[in-house]
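Hi,

Here is the structure I promised to pass on. Have a look at it first, and then read on for what turned up.

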Amino acid sequence: MSSPSFRLTRSFAERLPAYFVAGEPMLVRSPRLLQFNARLAEELGLPVEEMDPDRLARVFSGQEMLPGAHPGAQAYAGHQFGHFVPQLGDGRALLLGEAVDGDGRSRDIALKGSGRTRFSRGGDGKAAIGPVLREYLVGEAMHALGIPTTRALAAVATGETVMRSEPLPGAMLTRVAASHLRVGSFEYYAAQGKFEHVAELADFAIARHDPELAKEEDRYLRFFQAVADRQAKLVAQWMLTGFIHGVMNTDNMTISGETIDYGPCAFMEAYNPDAVFSSIDTMGRYAYRNQPKIAAWNLARLAETLLRLMDPEDPQRAVEPATKVLEEFLPRYEDLYRAGLRKKLGLNPGPDSDQEEDVLASEWLELLRTNQIDYTLAFRSLTDAAQDNSAALEQLFSAPGEIQSWLERWRSRVSRQPAAEVAESLRAVNPVYVPRNHLVEEALHAASNADDLAPFERLLKVLERPFEEQPGCDHYAKPAPREFTATYETFCGT
Ligand code: AMP
Ligand code: MG
């Protein structure tokens, strides 16, 4: 419940002035509420109960401020597709402040698409309805899937036209995040050699995300370890769900371990480790299979910014322990992924599970790959297969014989536990519904071109309960027609 004394705090603005450039949201003529996340608002204790949709539209397009708000852009740098850009920053976003929940946990409230800032470079600072709703939908779906992510609080149509390759209706998103600190935030002053600011940022990040480390002598190394650990967990969850972020630049990788920036992202349908969807990723740098390696690469960039903090007298000495953390990243990721994969297959997730099960798991993936089987449907169909009904699984294969021998070996493994228990545990980890690309596009198209939010709202509702079969929702579980997938590309959400 919100209290009448609700105020956003301004810790980022107050404690990190070197990273904060105050600025005002642009004026918009006729803001209109497209979508509002009342449950999240309540969780945050925001004073919104008495606000009607018009007032919510004004507040969440920055035309009226929440109590305590102090809008400003955050500075950051970043490696984009491997190349360092010394100044990026919020070019179309403004941090309003932090909401502190009942447990003392701070969460950033920020507008995206709120107009030009000092960091806009050639950009207009705006966002279009399509990308705003995409971020809303995919972010909320990720949350429902149990994957750490920034959240969407509101989407507001601005009534302005945004010029892209064609004129588009404009919108703003209100984003909620554990913080907006990124690897690129650390790179900003590190690249300028201003390590006093890097230290301020690291201490701020520790207070926010790893407060138990605040008093430790070796806190910067341990902070780095904690970030690496969160990323290993996050990327393992992406891989297990078939999620492809699409643009894992260091400015799009958080310190909190939340997924951020749903631009050219996509969920894989037919299992293919080489899948790439982003139209700008011509080299496949951010292909599905590369995500763990890229996370490690990004963490190396973070480590470089922290060496002087780890050992101010002799940063060279910090290289060895930092490298050790880095070297442990991929094995740590592998363990998490392997355990998660076992769980998705109803196999013993423990580390002492035997080799035969690992063979079973990799053969399964290889069968999906060579037969181009839908990743989500295949895992879900195991629920029935565990209870002696393998029709759904067999139907996925054009030659059902392909899966028989595997199925027999798998059954003999999982039958060591009661079938109903296996089915239940499979159901809990293998979703029926993920945001399928063609359905997302359909929903965004209707909202953007025909001002029709009904498809968006129906899809959002289904995706809020991804592990439960919902009556009448079969088509939300089905993959796109092949023609669609063959030509599908996502574009940067600009
Ligand atoms: P993104 O692709 O959203 O991660 O953004 C990368 C960088 O480009 C960030 O510094 C953004 O603030 C900036 N940017 C993206 N779109 C715009 C825009 N329309 N106007 C100004 N800056 C933008
Ligand atoms: Mg970004």
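Before anything else, a word you will need: a residue is called buried when its relative accessible area is under 20%, exposed when that is over 50%, and partly exposed in between. Please also keep in mind that this is a predicted model.

The buried ones are Tyr 375, Thr 376, Ala 378, Phe 379, Arg 380, Ser 381, Leu 382, Thr 383 and Ala 385. What covers them? Several other helices take part, among them helix 7 (219–241), helix 9 (315–344) and helix 10 (355–370). Helix 12 (391–396), helix 13 (401–414) and helix 14 (419–429) are also included in that cover.

Helix 10 and helix 13 meet at an angle of about 150°, and their axes are 11 Å apart. Angles over 145 degrees count as roughly antiparallel, and helix 10 and helix 13 are therefore roughly antiparallel to each other. Their crossing is left-handed. On the helix 10 side, the contact is made by Glu 356, Glu 357, Leu 360, Glu 363, Trp 364 and Leu 367. Helix 13 brings Glu 402, Ile 403, Trp 406, Arg 409, Trp 410 and Arg 413 to the contact. If you wonder about the spacing in those lists, an α-helix has 3.6 residues a turn, so residues three or four places apart point the same way.

Next, the metal. Which residues coordinate the magnesium ion (ligand 2)? They are Asn 252, through OD1, and Asp 261, through OD, at 1.9 to 2.2 Å. Both Asn 252 and Asp 261 are buried.

Now for a loop. Asp 311 sits between helix 8 (291–310) and helix 9. Is Asp 311 buried or exposed? Its relative accessibility is 13%, so Asp 311 counts as buried. A polar atom of its side chain lies 3.2 Å from the backbone nitrogen of Asp 314. Leaving out residues up to four places away in sequence, Asp 311 touches Arg 317 and Ala 318.

Arg 219 belongs to helix 7. At 22% relative accessibility, Arg 219 counts as partly exposed. Its side chain makes a polar contact of 3.1 Å with the side chain of Tyr 220. Setting aside neighbours within four places in sequence, Arg 219 is in contact with Asp 203, Ile 206, Leu 213 and Ala 214. Val 162 is another story: Arg 219 and Val 162 are 57 residues apart in sequence and 45 Å apart in space, C-alpha to C-alpha.

Most residues other than glycine have a negative phi. Phe 81, though not a glycine, has a positive phi of about 50°. You'll find Phe 81 in the loop between strand 4 (78–80) and strand 5 (83–85), and at 25% relative accessibility it counts as partly exposed. Asp 451 has a positive phi of about 55° and isn't a glycine either. Asp 451 lies in the loop between helix 15 (437–450) and helix 16 (454–463) and is partly exposed, with a relative accessible area of 47%.

Cheers

Conventions: Residues are numbered from 1 along each chain as its sequence is written. Chains are lettered from A and ligands numbered from 1 in the order in which they are written. This is a predicted model: local features need pLDDT of at least 70, side-chain atom pairs count only at pLDDT 80 or more; totals for chains, interfaces and linings use all residues. Side-chain values use heavy atoms; hydrogens and water are left out. Donors are N, O and S atoms within 2.8 Å of the metal (3.2 Å for Na, K and Ca); water is not among the atoms, so sites may look incomplete. Buried means under 20% relative accessible area, exposed over 50%, partly exposed in between (1.4 Å probe, protein chains only). Helices (H or I, at least four residues) and strands (E, at least two) are DSSP runs, numbered from the N terminus. Contact means heavy atoms within 4.5 Å. Axes are lines fitted to C-alpha atoms, for helices over the stretch in contact, and angles run from 0 to 180 degrees between N-to-C directions. Angles under 35 degrees count as roughly parallel, over 145 as roughly antiparallel, 65 to 115 as roughly perpendicular and the rest as oblique. A crossing is left-handed if the near helix is turned anticlockwise from the far one by less than a right angle, and right-handed if clockwise. A polar contact is a pair of N or O atoms within 3.5 Å; within protein, one must be able to donate a hydrogen and the other to accept it, and residues adjacent in sequence count only if both atoms are side-chain atoms.
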